[in-house]
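Biologist: I have a new structure open and want to learn how to read it. Can you walk me through?

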Amino acid sequence: MASTPAGLYGRLNRTSTRAFLAYVAAGAACAAVLACFVVSSADPAAAPNGAPRLSSRSARVWPDLEFNWRLVVATVVGFLGSAFGTVGGVGGGGIFVPLLNLVLGFDTKSAAALSKCMIMGASASSVWYNLQVSHPTKEAPVLDYKLALLFQPMLMLGITIGVELSVVFPYWLITVLIIILFVGTSLRSFYKGILMWREETRILMETREREAQSKSSSATSDVVLDASYAEPLLPQSKPIEKSGLETLMFNLRWKHILVLLAVWSSFLVLQILKNNSKTCSTFYWVINILQVPAAVSVFVWKAVQLCRESRARRMNGNLECVCEANIEWSPTQLIFCAFCGLLGGTVGGLLGSGGGFILGPLLLELGCIPQVASATATFVMMFSSSLSVVEFYFLGRFPIPYALYLIFISILAGFWGQCLVRKIVHVLKRASLIVFILSSVIFASALTMGVVGTEKSISMINKHEYMGFLSFC
């Protein structure tokens, strides 16, 4: 009997992740040792006033929006990055920031802000597309709202932490940490893609063999039935076709969407209050601390729901998972998910991305099929990136004409990227292509960030600039 797609990815999820976690821990330890060595040998007198906040003092550079070769290159690369980034569920911030910085000439902070605009546009159009498609294996939305509610608050809290750390961490350390993490997640995703491809090949071969045997037995049969009589004997397992509007209404879950909007609004208010307060003042730290209970309370509420529902189903003998993640929810699993959500948000805050570089591979690790992992990660990124865009708009971090142009390009790329790749997956019956795209985008981000980070670090060394940790206040 052939394996179903859900069973296929569920079995692949049982592959041990201990080696990957050990790799990340070892890489972080090496980065910490290297940081201690650099800080101990750094000369604070090399920079005026000890260790200044260099990131906040960098000059703002906004080139004019005019047609030239730089704009053409940025448009093409941005379109492809948005298309493949949303299909993989990783956004593409690791490609957009170097692109905007090196090709168009924006300063680093403005490039990070515009990167959020591109991620928001691409993820919004991708979500709109996914709301109009059906789940590939069962009668359920392709967006997993339960997992979105579980990860969104911790992701937003992590983004806040990442933004704060980006002020303190030296640029070379951010580069080292991102390369270690991105290379590890890229290789891990590529390995899972290979396993999925092999299993899909086996299932396709078995299916073709059964079809060939069925045709052979039909050809040698002496009994001939009229088609009108044979039709009722065929299994009627084809799902009921829905119209576009019916699929859209079925995929919308207003209760979950309203809760997600409430979390988004609360973080937006806190961020606006924080940005309008004096750095390191009492009110500033109170607002920062308030984000922790706001995120943890929603996470705990959803985590308790998942645990109770999972336990109730097991007691009734129902082995069906409560959500798309093919695991048994336990306190250990939930703590791990909370840590990964924080890690993904922190990386997003450091890099200027939406956090999908961690969330996309994590959903695959939890047993989600690639279509659901991509759609859910993009859905969560839409909220996190739009929060940053609104915040950056009030702070005046990006030029409006460039932002509107890049959002328009990203909206087109996100929609057509999803449409094209989903059709290819449907024709070839290989959802592993989504995993390979995810792995490729992460690896390309590691490569671009590595090149840019190395070049900047070498320039700082040649200029004898301060390489240690910077002052936060």
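Biologist: How many helices and how many strands does the protein have?

Modeller: Keep in mind that this is a predicted model. Start with the secondary structure. The protein has 17 helices and zero strands.

Biologist: What share of the residues is buried?

Modeller: Buried means under 20% relative accessible area. Of the 473 residues in the protein, 50% are buried. The exposed surface comes to about 23000 Å². Carbon and sulfur atoms supply 68% of that surface.

Biologist: How do I read contacts along the sequence?

Modeller: Look at how far apart the partners sit in the chain. Take contacts between residues at least 6 apart in sequence. In this protein, 83% of them join residues at least 24 apart.

Biologist: Now the rings. How many aromatic pairs does the structure hold?

Modeller: The structure holds nine aromatic pairs. For each, check the distance between centres and the angle between planes. One of them joins Phe-106 and Tyr-402. Their ring centres are 4.9 Å apart and their planes stand at 85 degrees, so this pair is edge-to-face.

Biologist: Where do Phe-106 and Tyr-402 lie?

Modeller: Phe-106 is in the loop between α5 and α6, and Tyr-402 is in helix α16. The pair therefore ties together parts that are 296 residues apart in sequence. Phe-106 is buried at 2% relative accessibility. Tyr-402 is buried too, at 3%.

Biologist: What is the geometry of the rings of Tyr-129 and Phe-415?

Modeller: Their centres are 5.6 Å apart and their planes are at 85 degrees, so the pair is edge-to-face. Tyr-129 lies in helix α6 and Phe-415 in helix α16, so parts 286 residues apart in sequence are tied together. Tyr-129 counts as buried at 12% relative accessibility, whereas Phe-415 is partly exposed at 28%. Together with Trp-416, Tyr-129 and Phe-415 form one aromatic cluster.

Biologist: Which rings have the charged ends of Arg-253 and Arg-430 over them?

Modeller: Look for a charged end above a ring face. The charged end of Arg-253 sits over the ring of Phe-250, 4.9 Å from its centre. For Arg-430, the charged end sits over the ring of Trp-197, 3.8 Å from its centre.

Note on methods: Residues are numbered from 1 along each chain as its sequence is written. This is a predicted model: local features need pLDDT of at least 70, side-chain atom pairs count only at pLDDT 80 or more; totals for chains, interfaces and linings use all residues. Side-chain values use heavy atoms; hydrogens and water are left out. Helices (H or I, at least four residues) and strands (E, at least two) are DSSP runs, numbered from the N terminus. Buried means under 20% relative accessible area, exposed over 50%, partly exposed in between (1.4 Å probe, protein chains only). Contact means heavy atoms within 4.5 Å. Accessible areas come from the Shrake-Rupley method with a 1.4 Å probe; for residues, only the protein chains shown count as cover. Rings of Phe, Tyr and Trp (its six-membered ring) pair if their centres lie within 6.5 Å; planes under 30 degrees apart count as stacked, over 60 as edge-to-face and the rest as tilted. A charge sits over a ring if NZ of Lys or CZ of Arg is within 6 Å of the ring centre and within 35 degrees of the ring normal.
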